[in-house]
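Subject: Structure handover and notes

Dear colleague,

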Amino acid sequence: MITPKNKKYAFETGVYRPPNEGGSNSLLIRLTRNCPWNRCTFCGMYKTEKFQVRSVAEIKQDIDAMAAVRDDLAALSQRSGQGGAINHTAAMALIGKNPELNHHQGFAMLYHWLLSGGKTAFLQDANSLIMKADQLVEVLGYLRRTFPSIVRVTTYARSKSVVQKSLDDLKAIRRAGLNRLHVGLESGDDAVLNKIQKGATAEIHIKAGRKALAAGFQLSEYWMPGLGGKARWQDHAINTARVLSEIDPHYIRSRPFRSWPGTPLAQEMAEQTFEVLTPGEQLRELRLTVRELSVTGRVCFDHAGNFWKNSLGQLLFTHSYEGYQFPQEKQTVLDLIDEGLKAGRRSAR
Ligand code: SF4
C-alpha cells in the first residue's frame with residue numbers, strides 16, 4: 001500500500017467498485033479490506049488477500065485525511081485569488097508542496113471527485129454490511145457530516161449479510177445515509193449457486209432483496225449470463241428471471257461470464273468439466289432470461305462484457321448505467337437480442 005509521507009493526507013483506497021461509481025466519480029471510502037466470503041469459484045478479485053474489518057477510528061482518520069486535502073486545496077485556491085475553487089492550479093500547488101502526493105493511491109480519485117461536485121460515495125470493499133450496524137451508522141454519519149455535498153452513498157453487500165441483519169438495523173443504516181446496495185445475485189438457480197459456491201440459495205437472495213427494499217434501499221442486482229454453462233443454461237435463465245421477478249429490484253445488471261485465470265472455474269474449463277457457451281448461445285440464454293422477466297425496474301448492460309453486436313457492427317445494447325426501463329422497453333430489448341442473434345447467424349455463414 002502506498003501512503004503519502006505526510007500523515008495528514010494518508011488514507012486507503014481499495015481496488016474495486018461498480019462501473020457506475022467510476023462514471024459518477026464516486027468518493028471511495030474503504031470500510032473493510034477484501035472479501036469475507038472469498039469462495040465463489042468464478043471470482044479472482046481477492047483470492048490472495050486476507051479479509052479485515054477496519055476500525056471505526058481508522059475509517060474516520062481516512063475521512064479526516066480526505067477532508068484535509070479538500071480544505072488545503074480550497075485554502076491554496078483562496079490564496080491565489082481563485083475564490084477557493086478546487087481546480088488544476090490548486091492541485092498543482094498542493095502537489096508542489098507535497099510531491100509524494102504524485103504517488104498517493106487515492107489522491108487522483110479524491111481530486112476528481114471534488115472537481116465533479118462531490119456528490120456520490122461508494123463504501124469498499126466487497127461486503128460492507130458485514131460490519132456491525134452501530135459502527136456502520138457511526139461511519140455514515142461522520143462521512144455525511146464531513147462531506148455535506150454527498151447526495152448518494154452505495155456499497156456492495158452479500159445477500160447472506162442482508163438476511164442476517166435485522167430489519168430495524170437495516171433501516172437505521174439506511175437512515176444514516178446509505179442509499180443503495182449492489183448485490184451479486186449471479187444466478188437464481190440453486191444448482192448453479194451451489195456449484196459456484198456463492199454461499200446463498202435462491203431463497204436467501206429473494207429474502208435479502210425483499211428485506212433491502214423493505215428497509216428503503218435502492219437495490220441493484222447483478223446476474224451472470226453464461227454461468228450455468230451448456231449443462232444448465234435454461235435452468236439458469238428461467239430461475240434467475242424468476243428470482244429477479246420475485247425481488248423486483250430497481251436495477252438489474254448483466255455481467256456475462258468470462259473466465260478469470262487461476263480461478264477454480266477456469267480450471268474446470270481446462271478440464272472440460274464446465275463447458276462454456278459460445279457468444280451466440282449466451283445471447284440466446286439472455287433472450288430467455290429477458291423473456292421470463294416480470295419486473296418494473298431498469299435492466300442494464302453497463303459493462304464491456306455485454307459485447308454483442310448488430311449487423312452494422314455496433315454494440316447491441318446501450319452501456320448506459322440507466323439501461324432500459326421495464327416493462328415498457330422489454331420488447332425493445334427482445335428485438336435487439338433478435339437482431340444480434342440474426343447478425344451472429346449471418347457472420348457464421
Ligand atoms: S462474494 Fe463477491 S467478491 Fe467475494 S468471492 Fe464472491 S464474487 Fe468474489
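This is a predicted model: local features need pLDDT of at least 70, side-chain atom pairs count only at pLDDT 80 or more; totals for chains, interfaces and linings use all residues.

How many disulfides does the count come to? By the rule used here, in which a disulfide is a pair of cysteine sulfur atoms within 2.5 Å, the count comes to 0. A disulfide is a covalent bond between the sulfur atoms of two cysteines.

Residues are numbered from 1 along each chain as its sequence is written, and side-chain values use heavy atoms, with hydrogens and water left out.

Aromatic rings

Rings of Phe, Tyr and Trp (for Trp, its six-membered ring) pair if their centres lie within 6.5 Å, and planes under 30 degrees apart count as stacked, over 60 as edge-to-face and the rest as tilted. By this rule there are 9 aromatic pairs. One of them joins Phe107 and Tyr111, whose ring centres are 6.3 Å apart and whose planes lie at 5°, so this pair is stacked. Both residues belong to helix H4 (residues 107-115), where they are 4 residues apart, about one turn of the helix; helices (H or I, at least four residues) and strands (E, at least two) are DSSP runs, numbered from the N terminus. Phe107 counts as buried at 6% relative accessibility, and Tyr111 counts as buried at 9%.

The pair of Trp308 and Phe317 has ring centres 6.2 Å apart and planes at 85°, so it is edge-to-face. Trp308 is buried at 4% relative accessibility, and Phe317 is buried with a relative accessible area of 3%. Ring pairs also link these two residues with Phe301, Phe307 and Tyr324 into a cluster.

Charges over rings

A charge sits over a ring if NZ of Lys or CZ of Arg is within 6 Å of the ring centre and within 35 degrees of the ring normal. The charged end of Arg39 sits in this way over the ring of Trp37, 4.1 Å from its centre, and the charged end of Lys60 sits over the ring of Tyr142, 5.1 Å from its centre.

How the helices pack

For packing, axes are lines fitted to C-alpha atoms, for helices over the stretch in contact, and angles run from 0 to 180 degrees between N-to-C directions. Helix H10 (residues 229-247) packs with helix H12 (residues 279-292) at an angle of about 30°, and their axes are 8 Å apart.

The axes of helix H2 (residues 56-79) and H4 come within 11 Å and cross at roughly 60°. H2 and H4 are therefore oblique to each other, and H2 passes H4 in a right-handed crossing.

Backbone details in the loops

The peptide bond from Gln124 to Asp125 is cis, with omega near 0°, and Asp125 is placed in the loop between strand E4 (120-124) and helix H5 (133-146). The peptide bond from Phe326 to Pro327 is also cis, with omega near 0°, and Pro327 is found in the loop between strand E10 (324-325) and helix H13 (330-348).

Asp248 is not a glycine, although it has a positive phi of about 55°; this residue lies in the loop between H10 and strand E8 (251-254) and counts as partly exposed at 25% relative accessibility. Gln272, likewise not a glycine, has a positive phi of about 60°, lies in the loop between helix H11 (264-270) and H12, and is exposed, with a relative accessible area of 66%.

How values were computed:
Buried means under 20% relative accessible area, exposed over 50%, partly exposed in between (1.4 Å probe, protein chains only). Angles under 35 degrees count as roughly parallel, over 145 as roughly antiparallel, 65 to 115 as roughly perpendicular and the rest as oblique. A crossing is left-handed if the near helix is turned anticlockwise from the far one by less than a right angle, and right-handed if clockwise.
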